[in-house]
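User: Please take a close look at one helix pairing in the model shown here.

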Amino acid sequence: MYILWAMLGLVVLYIIRALIGPSIWDRLLALNLVATKIIIIIIAYAFVTGISFLQDFAVIYTLSGFIGTIFIALFLSERRVGKRRGKK
């Protein structure tokens with residue numbers, strides 16, 4: 001159970017990093033780390049308590065987080081390429 005509290009502590013540190021990150025890519029990486037730790041917390045809690053449907057929830061959360069990260073990265077890279085070409 002102490003592992004869950006340690007993971008929550010890391011989530012807080014990663015959120016702070018996401019707020020003060022020097023670049024948008026650092027912030028995106030910090031948010032991915034937050035999502036990863038939350039998934040670990042959900043799976044560990046499901047294992048400890050024996051609630052199996054939480055594992056399904058963790059898989060859905062993982063897939064939606066991955067797709068969201070890909071879309072954000074594509075949006076940011078397209079915005080950067082558009083600035084280089086002189087587009088707004």
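Is the crossing of α1 and α2 left-handed or right-handed?

Analyst: The crossing of α1 and α2 is left-handed, meaning that the near helix is turned anticlockwise from the far one by less than a right angle. The model is predicted, with local features needing pLDDT of at least 70, side-chain atom pairs counting only at pLDDT 80 or more, and totals for chains, interfaces and linings using all residues. Residues are numbered from 1 along each chain as its sequence is written, and side-chain values use heavy atoms, without hydrogens and water.

Helix α1 covers residues 2-20 and helix α2 residues 24-49 (helices are DSSP runs of H or I, at least four residues, numbered from the N terminus). Their axes come within 8 Å and cross at roughly 165° (lines fitted to C-alpha atoms over the stretch in contact, with angles from 0 to 180 degrees between N-to-C directions). α1 is therefore roughly antiparallel to α2, a label for angles over 145 degrees.

On the α1 side, the contact (heavy atoms within 4.5 Å) is made by L4, M7, L8, L10, V11, Y14, I15, R17, A18, L19 and I20. From α2 come D26, R27, A30, L31, L33, V34, K37, I38, I40, I41, A44 and Y45. By class, this contact has 19 nonpolar, no polar and 4 charged residues (Ala, Val, Leu, Ile, Met, Phe, Trp, Tyr, Cys and Pro are nonpolar; Asp, Glu, Lys and Arg charged; the others polar).

As for confidence, α2 has the highest mean pLDDT among the elements, 90, on the predictor's scale from 0 to 100.

Conventions: Helices (H or I, at least four residues) and strands (E, at least two) are DSSP runs, numbered from the N terminus. Angles under 35 degrees count as roughly parallel, over 145 as roughly antiparallel, 65 to 115 as roughly perpendicular and the rest as oblique.
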